[in-house]
Amino acid sequence: MECSRMAVASRFRVHATILLLAMAGRCSSQQMDHIQLTLIANSMDNISRVLQAQTVASERVMEKFTSMATAQAVASEKVAAGIMKIFTLMATDHLVCEGGWRRLRTFCYFISKDTSTWQDSRQKCIALNSDLVKITHDEEYDFLYRLAKGHATYIGLSDQQQEGTYRWVADGTIHQSVESWWQKGEPNSAGSGEDCIHFSSRGQGLNDISCDREFRYICKKLAHLALA
Ligand code: MMA
Ligand code: CA
């Protein structure tokens, strides 16, 4: 009786219960131990089979996920490359500047023949829907250096606001000094101080100079899209 209660309480599979009932008549504690160990072993076996199946299923899901993520990344790259191609096409074929302006990539530049103080130069650029030029990379610097042709020519950089801190007037950002753009020994704030930057007339790069001097100037604005 003791043996069969234990068997019911164990709640194992039907065939195990039948096996137990069959043996109920001659139940000894040694036999019971053996039966219970067999049942536990079977259950462990079942659990481990279920776990194994689940591991395999998880691995398949992971594989599927990885391959989908890879496919997604490849597709994104293709889209990005396509967009770049479109932009490049637009930049080379469909971006235009008005007469008298020169284009480099997505911007137009006006190099004046008339001369003005730095402040008046800025006003003249603004009147032309632009601003005194902000130079952002070497290619642009080289392009403008060549266009200045050794004439003293203002750009949109000054340290009027704070001595020694050069800011681009167009957007107020601080110029991260590019050593190679400056003429040797500049900026030197010579005399009673020099706050405005220009391509020097010596054709050797940028120099700081008095903002009251009258020079040529360079304006910059976005090129516009002309889709034919
Ligand atoms: C020199 C040199 C510059 C300075 C100008 C002012 C010709 O260059 O000292 O740094 O800005 O003079 O005219
Ligand atoms: Ca100087």
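Trp-101 is buried, with a relative accessible area of 10%; buried here means under 20%, exposed means over 50%, and partly exposed lies in between, using a 1.4 Å probe and protein chains only. The model is a predicted one, in which local features need pLDDT of at least 70 and side-chain atom pairs count only at pLDDT 80 or more, while totals for chains, interfaces and linings use all residues. Residues are numbered from 1 along each chain as its sequence is written, chains are lettered from A and ligands numbered from 1 in the order in which they are written, and side-chain values use heavy atoms, leaving out hydrogens and water.

Let us stay with the rings for a moment. The structure holds eight aromatic pairs, where rings of Phe, Tyr and Trp (its six-membered ring) pair if their centres lie within 6.5 Å, and planes under 30 degrees apart count as stacked, over 60 as edge-to-face and the rest as tilted. Trp-101 and Phe-110 make a tilted pair, because their planes stand at 40°, with ring centres 5.4 Å apart. Tyr-141 and Trp-181 are stacked, since their planes are at 5°, and their centres are 5.2 Å apart. Tyr-141 belongs to helix 5 (residues 138-148) and Trp-181 to the loop between strand 6 (165-168) and strand 7 (196-199), so this pair ties together parts that are 40 residues apart in sequence. Helices (H or I, at least four residues) and strands (E, at least two) are DSSP runs, numbered from the N terminus.

The charged end of Lys-221 sits over the ring of Trp-101, 4.5 Å from its centre, and Lys-220 lies over the face of Phe-107, at 4.2 Å from the ring centre. The criterion is NZ of Lys or CZ of Arg within 6 Å of the ring centre and within 35 degrees of the ring normal.

Now to ligand 1. The residues around it are Glu-186, Asn-188, Glu-194, Arg-202, Asn-207, Asp-208, Ile-209 and Arg-213, each with a heavy atom within 4 Å. This shell divides into one nonpolar, two polar and five charged residues.

| Residue | Distance to an oxygen atom of ligand 1 |
|---|---|
| Asn-188 | 2.8 Å |
| Glu-194 | 2.6 Å |
| Asn-207 | 3.0 Å |

The protein covers 59% of the 330 Å² of accessible area that ligand 1 has on its own, by the Shrake-Rupley method with a 1.4 Å probe.

Definitions and conventions: Polar contact = N/O pair within 3.5 Å; in protein donor to acceptor, adjacent residues only side chain to side chain. Nonpolar A, V, L, I, M, F, W, Y, C, P; charged D, E, K, R; others polar.
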